[in-house]
Amino acid sequence: DNTRAEVSYEATREDDVLFAGAGMDSPMSDSDNVRLKFSRDAMEGMFTGVNVEFYRTDVQHLMDNYSLRPLTARMAMRAPSESDTLGGRFNVDLVVGPNLDLVLGADYQQNDRQALRFAGPNPENVQLLQSVLWPEVRIGQGGVFAEGQRRLGERSRLNFGLRVDRFTASAAGTDLQPVGANLSPRELYEAYYGSGSDEWSDTGVAGLLRFERDLGSPGATLFAGVSRSVRPADATERYLGANNMNPLMRWVGNPDLELAAHHQIDLGLGWAREARSLSFNGFFDQVGDFILRDRAHGQEGIERSDNATIYRNVSARLFGLELAGGGDWRDGRLALQGDVAWVYGQNRTDGRPLAQI
């Protein structure tokens with residue numbers, strides 16, 4: 001009665017997908033996902049539940065500038081890519097005394113990405129390697145975590161969480177040399193950042209502390225929280241190597257990007273009664289090493305000033321307000337939900353508003 005095993009397979013096949021405003025379309029994109037899950041709950045003793053999950057996803061994706069549109073560019077180009085992800089998660093539920101519930105667990109994910117861009121004089125001959133977009137990139141993340149809730153009397157609760165992750169990234173194909181004057185990924189990194197590193201690793205610590213108190217009004221809850229979260233650069237931000245004779249069209253990842261670390265304070269009020277709810281909260285977020293997509297203008301750590309698209313870490317600050325609500329009417333036959341948010345971001349390194357928020 002309390003045990004569940006699940007096996008799922010999902011296949012997605014996309015053909016002839018048009019990308020308005022882009023230089024290429026996608027004649028083909030296939031993905032396959034396999035997932036295994038096992039869970040058991042309502043167990044006796046301290047351990048009340050256990051969950052185990054494994055998954056694998058394989059993606060094959062193709063972009064070109066001639067299959068689905070007239071060839072107007074000087075060269076025919078195609079970019080086949082692969083992205084394979086493998087991961088798993090394990091956690092157990094515990095009851096530690098009458099007022100404390102815990103979840104302890106571990107998870108791991110590995111993503112392998114490879115993408116090349118080929119050029120040719122016509123659609124029948126597109127064989128020249130023009131760029132190594134994702135140079136055999138492998139990104140891994142393995143972590144352990146604990147989260148729980150401590151009841152502080154009948155009306156108050158303290159939610160908390162802590163996780164530690166080990167992040168790794170590598171690129172085995174940074175020395176693969178395109179044709180002609182086009183640069184290898186390592187040469188692009190050295191040209192724009194002065195570093196051609198193809199390996200990176202770091203350890204990140206994240207945590208949450210959130211206090212909730214039910215107010216005298218039925219269904220009203222006041223909450224306040226502080227948190228820290230971290231995010232590593234993805235395969236594009238760290239290792240992309242897109243060549244172009246025009247620097248304005250180059251797009252170069254930064255292999256030395258640091259972890260972006262968010263330190264956030266939240267304060268809000270929520271109300272829920274029967275089938276209706278309303279919540280309002282504000283937040284302040286101080287970000288160290290925000291990962292910014294930018295243009296090369298000889299900034300600190302950037303070797304060139306030719307307007308190529310690059311990435312760099314900056315200090316940032318965000319704050320905002322959020323309002324959300326919803327409810328059911330006409331005996332549940334009509335439901336309405338809505339939310340509105342206002343956010344302002346500041347790039348403190350350069351003293352200007354923050355883009356991409």
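Gln 130 sits in strand 6, which spans residues 128-151; strands here are DSSP runs of E with at least two residues, numbered from the N terminus. The model is a predicted one, in which local features need pLDDT of at least 70 and side-chain atom pairs count only at pLDDT 80 or more, while totals for chains, interfaces and linings use all residues. Residues are numbered from 1 along each chain as its sequence is written, and side-chain values use heavy atoms, with hydrogens and water left out.

With a relative accessible area of 9%, Gln 130 is buried (buried means under 20%, exposed over 50%, and partly exposed in between, using a 1.4 Å probe and protein chains only). Beyond its neighbours within four places in sequence, Gln 130 is in contact (heavy atoms within 4.5 Å) with several residues, including Met 77, Phe 118, Pro 178 and Asn 243.

Ser 156 belongs to strand 7 (residues 156-171). Not counting residues up to four places away in sequence, Ser 156 touches Arg 150, Arg 151, Phe 211, Glu 212 and Arg 213.

Leu 323, by comparison, is partly exposed, with a relative accessible area of 37%. Leu 323 is found in strand 14, which runs over residues 309-329.

Terms used
Helix = DSSP H or I, 4+ residues; strand = E, 2+ residues; numbered from the N terminus.
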